[in-house]
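Work through these exercises with the model open beside you. Try each task before you read its solution.

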Amino acid sequence: MALSVPGYSPSFKRPPETLRLRRKRGRSLGAASPPEERPEPATRRAALAAGLPLRPFPAAGRGGGGPAAARRNPFARLDNRPRAAAEPPDGPPRGQREAPGSFLDSNQENDLLWEEKFPERTAITELLQTPHISVSKPDIPSSESTELPVDWSLKTRLLFTSSQPFTWADHLKAQEEAQGVIQHCRATEVTLPQSIQDPKLCTELRCAFQQSLIYWLHPAFSWLPLFPRIGADRRMAGKTNPWSYDETLQHNLMSDWSVSFTSLYNLLKTRLCPFFYVCTYQFTVLFRAAGLAGNDVITALVSPTTRGIREAMKNEGIEFSLPLIKENCHEKKKASETSLGHEEQAVSDEDEEESFSWLEEMGVQDRIKKPDVLSIKLRKEKHEVQMDHRPESVVLVKGLNTFTLLNFLINSKSLIATSGPQAGLPPTLLSPVAFRGATMQMLKARSVNVKTQALSGYKDQFSLEITGPVMPHSLHSMTMLLRSSQSGSFSAGLYTHEPTAVFNICPPMDEVLDKEAVHEELANCGLHPKTLNQLSQTPALGKSSLRHVEMSDYIYSWRS
């Protein structure tokens, strides 16, 4: 026996016909009865019975043949709806225009229900509806001091903002540009007053700004961006690289690069160069002179590394350490490099042999495959493979081993990519001072004036953008210049090349250095004495780097 189902018709109707009938039925009901007497759908009656506030029908404000209420744009803000020209700002709406008010009331009721379910929306709504509100800064613990901590990471972009203009940094005169270049080449120390009344007319400030923008690069190709190198294949795609298929040209490029690399290391060893960077397509190396970062010998940090690179360095006789690995793992690594480690390895192999002796007693030794030595070794070194390409894989090389690292990098075939846009291209050398084969380059500076909201309307907000490979000495020089030009009040957003953020770790130190002796030995390295004093401090940022810097009343506060 067939069951009687409400609303079921045995006759077949096409969907368009069904929809047409429903539309006709709705229009006939609307014309026959006033809005307040219309029957409500079953779902709406059930919602009202449950006590849920609902929005009225869109036609609720239409009375008989009266004019229809203007439909509100759903994409417009509630507090930004247009008003009629003849209406007073605070007066009630005219005529029959009561529907928009009730519609907004229903929106508010639904908003209350939404806030009960999602309380985090309340704070966002308050921020959006509060006039002249400024974006709040993240609640990150900051520090305050008269000096910034040393940051050894490379920056790709600096964005300074201030309430005072940066017009002094635009359109340098030919004489000022030439004077800035000469000051850089001669390492001239420039001392500015604490506050400059009219920075645009201060020639010393503009020359010092030009001086702080200069850096030295090798190799240099005007059509090819050579920093950063890690993950730069997409930016280099489509660029002309005639050396990719020419072995002779690749050999010449590598020969010139080896000469420049050796020249830089010699300057570093004689303390005429404070530091320099080697940027490859896989990792970055930071060489620091003795006396910097609290070390009394030359140090080199390599990050990120892989197990293959570390094994190759070990085979070349380079002694290194992994500062971020736990102490017990570090001791095991040292023990494996000594002769005692080889004896312990032999004992462990004997233990492996004894562990399978019980299989022979049972007579099933031939049926079960014994793991080979290679699989056992890979299992033991699983933790080393897991830290590849991570900050924990940073390698520290100290003392005479840095010279062995130099030879390893020059002769290593894995230093240069064999395929892709970077194929055959030597690594990028970055230095604050000149060296053999280097090309003088300049960071790009651009000042912008924008309007921002304030309590009294709009105010001018000035910004200065610096792009390029910003090294630690350039960052410190810029902050010293802005300290004087902006009267001790500015903020800065720092964009870090992430693989180099781990260079801020604190390396193990054997003894405390005498800062006066360090300054005397590095007096001719080409850095300002205050910058040299900052770079000689012990790093304190760990695996992070400076992200935001703000100066107020000549006091720094920063977040990392």
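**Exercise 1. The whole chain**

What percentage of the 560 residues of the protein count as buried?

Solution. The model is predicted: local features need pLDDT of at least 70, side-chain atom pairs count only at pLDDT 80 or more, and totals for chains, interfaces and linings use all residues. Residues are numbered from 1 along each chain as its sequence is written, and side-chain values use heavy atoms, leaving out hydrogens and water.

Step 1. Buried means under 20% relative accessible area, exposed over 50%, and partly exposed in between, with a 1.4 Å probe and protein chains only.
Step 2. Read the total. Of the 560 residues, 38% count as buried.
Step 3. The protein has 18 helices and 14 strands. These are DSSP runs numbered from the N terminus: helices are H or I with at least four residues, strands are E with at least two.
Step 4. Look at the contacts (heavy atoms within 4.5 Å). Take those with a separation of 6 or more: 76% of them join residues 24 or more positions apart.

**Exercise 2. The surroundings of helix α6**

Find how many residues of α6 are buried, and what they pack against.

Solution. 
Step 1. Count. In α6, 8 of 10 residues are buried, so the helix is mostly covered.
Step 2. Name them. They are Leu205, Arg206, Cys207, Ala208, Phe209, Gln210, Gln211 and Ser212.
Step 3. List the partners. The buried residues of α6 pack against α5, β3 (214-218), β9 (439-442), β10, β11 and α16.
Step 4. Take α16 (residues 472-485). α6 and α16 pack at about 165 degrees, with axes 10 Å apart. Axes are lines fitted to C-alpha atoms, for helices over the stretch in contact, and angles run from 0 to 180 degrees between N-to-C directions.
Step 5. Classify the angle. α6 is roughly antiparallel to α16. The classes are: under 35 degrees roughly parallel, over 145 roughly antiparallel, 65 to 115 roughly perpendicular, the rest oblique.
Step 6. Name the contact residues. α6 brings Leu205, Ala208, Phe209 and Ser212; α16 brings Ser474, Ser477, Met478, Leu481 and Ser485.
Step 7. Sort by class. The contact of α6 with α16 has 5 nonpolar, 4 polar and no charged residues. Ala, Val, Leu, Ile, Met, Phe, Trp, Tyr, Cys and Pro count as nonpolar, Asp, Glu, Lys and Arg as charged, and the others, Gly among them, as polar.

**Exercise 3. Salt bridges**

How many salt bridges does the structure hold? Then examine three of them.

Solution. 
Step 1. Count. The structure holds 9 salt bridges. Each is a side-chain nitrogen of Lys or Arg within 4 Å of a carboxyl oxygen of Asp or Glu.
Step 2. Start with lysine 155. Its side chain meets that of aspartate 151 at 2.8 Å, N to O. Both residues are buried.
Step 3. Move to arginine 206. Its side chain meets glutamate 176 at 2.7 Å, N to O. Arginine 206 sits in helix α6 (residues 203-212) and glutamate 176 in helix α5 (residues 174-185), so this pair links distant parts of the chain, 30 residues apart.
Step 4. Check burial. Arginine 206 is buried at 5% relative accessible area. Glutamate 176 is buried too, at 6%.
Step 5. Finish with arginine 446 and glutamate 465. Their side chains meet at 2.8 Å, N to O. Arginine 446 lies in strand β10 (residues 444-454) and glutamate 465 in strand β11 (residues 457-470), so the pair ties together parts 19 residues apart in sequence.
Step 6. Salt bridges with shared partners join Arg157, Arg446 and Glu465.

**Exercise 4. Helix α15 and its cover**

Which residues of α15 are buried, and what covers them?

Solution. 
Step 1. In α15 (residues 401-411), the buried residues are Asn401, Thr402, Leu405, Leu406, Phe408, Leu409 and Ile410.
Step 2. Their cover includes α8 (247-269), β5 (284-288), β6 (299-303), α9 (307-315) and β7 (395-398).
Step 3. The axes of α8 and α15 come within 11 Å and cross at roughly 170 degrees. The two helices are therefore roughly antiparallel.
Step 4. The contact of α8 with α15 has 8 nonpolar, 3 polar and no charged residues.
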